[in-house]
Amino acid sequence: MVGSKNRKLTRFFLIAGVLLFFYAPIASLMVFSFNDSRSLTSWAGFSTQWYTALFANREMMSAIYVTLLVALLSTFISTVVGTLTAIGISKSRKIIRELIINVNNFPILNPEIVTAIGLMLLFSSLSIEKGLITMLVAHIIFSTPYVILTVLPKLRGLDPDIAEAAMDLGATPAQALWKVIIPLIMPGVISGALLAFTMSFDDFVISYFVSGNGVKNISILVYTMSKRINPTINALSTILVVIITFVLLIVNLLPFLKKKELRGAE
Amino acid sequence: MRQLIEFKNVVKEFNGVLVLKGINLVIHENEFVTLLGPSGCGKTTLLRILGGFISQSEGEVFFDGIEISNVPPYKREINTVFQRYALFPHMNVYDNIAFGLNIKKQDKNTIKQKVTRMLKLVGLEGYENRPVTLMSGGQQQRVAIARALVNEPMVLLLDEPLGALDLKLRKEMQHELKKIQQEVGITFIYVTHDQEEALTMSDTIVVMNNGEVQQIGTPTDIYNEPENRFVADFIGESNIMEGVMVDDYRVRFDETDFECIDSGYTEMTPVDIVLRPEDIDIVPVEMGKIKGIVQSSLFKGVHFEIVVESPYREYIIHTTDNAAIGQEVGLHFFPEDIHIMYKMGY
Ligand SMILES: Nc1ncnc2c1ncn2[C@@H]1O[C@H](COP(=O)(O)OP(=O)(O)O)[C@@H](O)[C@H]1O
Ligand SMILES: [Mg+2]
């Protein structure tokens with residue numbers, strides 16, 4: 001009895017310790033973004049001055065704009081390309097399928113820095129001017145494999161005859177895709193899109209190497225600013241954390257909402 | 001009956017392997033045709049060629065007099081009930097059945113009428129809003145049939161549609177399918193590897209093996225007059241012997257001549273001989289055409305299955321009278337019970 005109680009306590013403290021270790025820095029950052037002084041250690045009262053400063057700072061606003069634009073566009077494009085590729089892969093012969101899946105896994109397993117330098121060299125050797133376009137292309141390139149990887153299992157779970165069944169009932173191949181295949185793999189497509197969005201949104205390494213001409217996303221800006229302490233970074237980071245948390249919440253809650261909807265329909 | 005479908009010398013090759021070796025087959029309007037054969041003999045492949053999902057390597061397929069090899073599946077007046085149903089899991093029963101009509105953009109009222117009629121035909125009234133994922137195998141089967149039939153095809157293809165159901169439900173569905181076919185009055189092409197299913201449901205049975213048609217005929221033809229050893233063996237438990245035709249109306253096997261009713265073979269033609277278990281009677285030794293010792297006896301519900309060993313082989317006999325194990329008995333049969341077949345490969 002005593003032993004089990006002890007074990008429960010130990011477990012509680014362990015979990016609490018780990019959570020504290022993970023979240024204390026983030027929590028302190030969020031709290032001090034509302035501090036009324038420059039200090040990052042002593043509390044001088046509540047204020048939103050850093051948020052005001054953030055929204056007044058043109059450089060920061062432009063970074064937010066670049067980040068969102070690149071994230072939204074690259075998410076859209078990599079989701080469409082990745083989904084169609086996954087469908088193509090699932091319909092291919094076994095040898096081709098395994099080959100493409102392995103090729104697809106390569107950039108995922110590859111260290112990010114290698115991809116970053118590779119892309120930088122590619123853009124330089126093709127003498128493409130670095131900026132928004134190169135950043136967008138790079139983000140599409142590193143997101144697409146993740147979309148493919150999230151959509152493939154959904155396709156594998158489909159009845160192999162399902163597309164034929166649709167065509168048997170008079171659907172053209174395009175109609176079969178839109179009315180049957182896409183709706184059935186939609187959960188996978190949405191997870192893939194959210195994954196692509198978060199990856200693009202907080203990417204630093206690759207963006208840093210392929211950007212140029214003063215085009216900065218939030219990560220690059222925070223990195224260049226972090227040498228001189230400035231609490232607007234806290235404000236910006238707080239907004240980042242809130243957005244990412246929100247996206248993750250959607251990803252995790254989606255299956256539950258879906259289930260409820262089904263039960264409601266009954 | 002009018003001829004509806006014709007396969008002319010259809011050959012199919014997968015990666016250099018011949019899966020269909022020149023199929024010739026004519027199917028008529030309003031006919032219940034069964035493709036019967038062991039797993040892997042090419043039944044599904046033939047059906048998929050007719051459905052338009054794959055194309056043949058050689059040969060022609062005619063539908064209503066027109067060669068259809070270049071017609072895509074969505075333009076063929078053929079619908080399919082898939083082996084694992086292939087229902088659309090994101091739709092309820094109504095939307096599954098209405099799928100084909102929605103694609104053809106028929107108006108809402110017509111669709112509702114037709115779907116309601118189909119639900120009645122397959123006995124699923126009141127299930128319109130049920131998600132198909134929550135239905136039993138038998139119910140999903142009915143939805144699959146309704147979803148295909150609502151399009152009023154000229155031909156319905158069914159690929160082992162009852163394979164996933166338990167025995168009792170399978171028997172029920174056999175009768176129901178036959179009833180539905182008579183009610184809608186269209187051609188059914190039914191694939192199965194179950195000979196009993198084929199014999200009970202079909203107008204015509206096409207026995208296939210190894211990508212070749214072995215025999216085409218009515219269930220009674222196929223059962224009573226198998227054309228070769230494979231058909232005889234596949235269609236039911238049988239005693240199959242090798243022998244020769246000694247003369248018209250005389251066949252020799254196991255070093256004995258027997259009277260039979262077949263003629264027209266050249267002398268000493270090697271043949272296969274079938275004796276159906278239910279055609280053999282157990283009689284006292286001195287009255288038998290063949291003598292043997294009873295090896296085993298199993299009660300099968302209606303009859304006994306008795307194995308009698310002669311000096312040459314074991315005979316399976318189905319009879320309503322039991323016999324004691326170890327007893328010496330005679331086996332009796334009539335000349336017309338002996339079925340003579342050309343040997344395969346001659
Ligand atoms: N897409 C395919 N690629 C390669 N071989 C195939 C393909 N489809 C079927 N086969 C082969 O063709 C043969 C016949 O298959 P099938 O028509 O499905 O037989 P059945 O339906 O009579 O069981 C089998 O040996 C099978 O392995
Ligand atoms: Mg098959």
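In the predicted model, B:Asp272 stands opposite B:Met341 in strand S20 of chain B. Strand S14 (residues 269-275) of chain B pairs with S20(B) in the antiparallel sense over four bridges, where two strands are taken to pair if DSSP finds at least two bridges between them. Strands (E, at least two residues) and helices (H or I, at least four residues) are DSSP runs numbered from the N terminus. Both strands belong to an open sheet of five strands in chain B, ordered S13-S12-S11-S14-S20 with antiparallel pairing. Its edges are formed by strand S13 (256-259) and strand S20 (339-342) of chain B, each of which pairs on one side only. Neighbouring strands of this sheet are turned by 45° against each other on average, direction ignored; axes are lines fitted to C-alpha atoms, for helices over the stretch in contact, and angles run from 0 to 180 degrees between N-to-C directions.

Residues are numbered from 1 along each chain as its sequence is written, and chains are lettered from A and ligands numbered from 1 in the order in which they are written. Because the model is predicted, local features need pLDDT of at least 70 and side-chain atom pairs count only at pLDDT 80 or more, whereas totals for chains, interfaces and linings use all residues; side-chain values use heavy atoms, with hydrogens and water left out.

A further open sheet of five strands in chain B has the order S15-S19-S16-S17-S18, with antiparallel pairing. Strand S15 (281-283) and strand S18 (314-319) of chain B are the edge strands, each pairing on one side only. The twist averages 50° from one strand to the next. Within this sheet, strand S16 (residues 290-299) and strand S17 (residues 304-309) of chain B run antiparallel and are joined by six bridges. B:Val294 has B:Val308 in S17(B) as its bridge partner.

Antiparallel pairing also joins strand S1 (residues 3-14) of chain B to strand S4 (residues 58-63) of chain B, through five bridges. In this pair, B:Phe7 stands opposite B:Val61 in S4(B). S4(B) pairs in the antiparallel sense with strand S5 (residues 66-67) of chain B over two bridges, and B:Phe62 stands opposite B:Glu67 in S5(B). The hairpin of S4(B) and S5(B) has two residues between the strands, and B:Asp64 takes a positive phi near 55° there.

Chains A and B are in contact (heavy atoms within 4.5 Å), with 23 residues from chain B and 20 residues from chain A taking part. The area buried between the two chains is about 2,000 Å², of which carbon and sulfur atoms give 65%; buried area is the accessible area (1.4 Å probe) that two parts lose on being put together, summed over both. Between chain B and chain A there are two salt bridges, each defined as a side-chain nitrogen of Lys or Arg within 4 Å of a carboxyl oxygen of Asp or Glu. One of them joins the side chains of B:Arg84 and A:Asp161 (3.4 Å, N to O). On the side of chain B that touches chain A, strand S6 (78-81), helix H2 (93-103) and helix H4 (137-149) of chain B each supply at least two residues. The residues of that side divide into 14 nonpolar, five polar and four charged.

Over all chains, the whole structure holds 19 salt bridges. Among them, the side chains of A:Lys216 and A:Glu59 meet at 3.4 Å, N to O. This pair links distant parts of the chain, 157 residues apart: A:Lys216 lies in the loop between helix H9 (205-210) and helix H10 (218-225) of chain A, and A:Glu59 in helix H3 (residues 58-90) of chain A.

Methods: Nonpolar A, V, L, I, M, F, W, Y, C, P; charged D, E, K, R; others polar.
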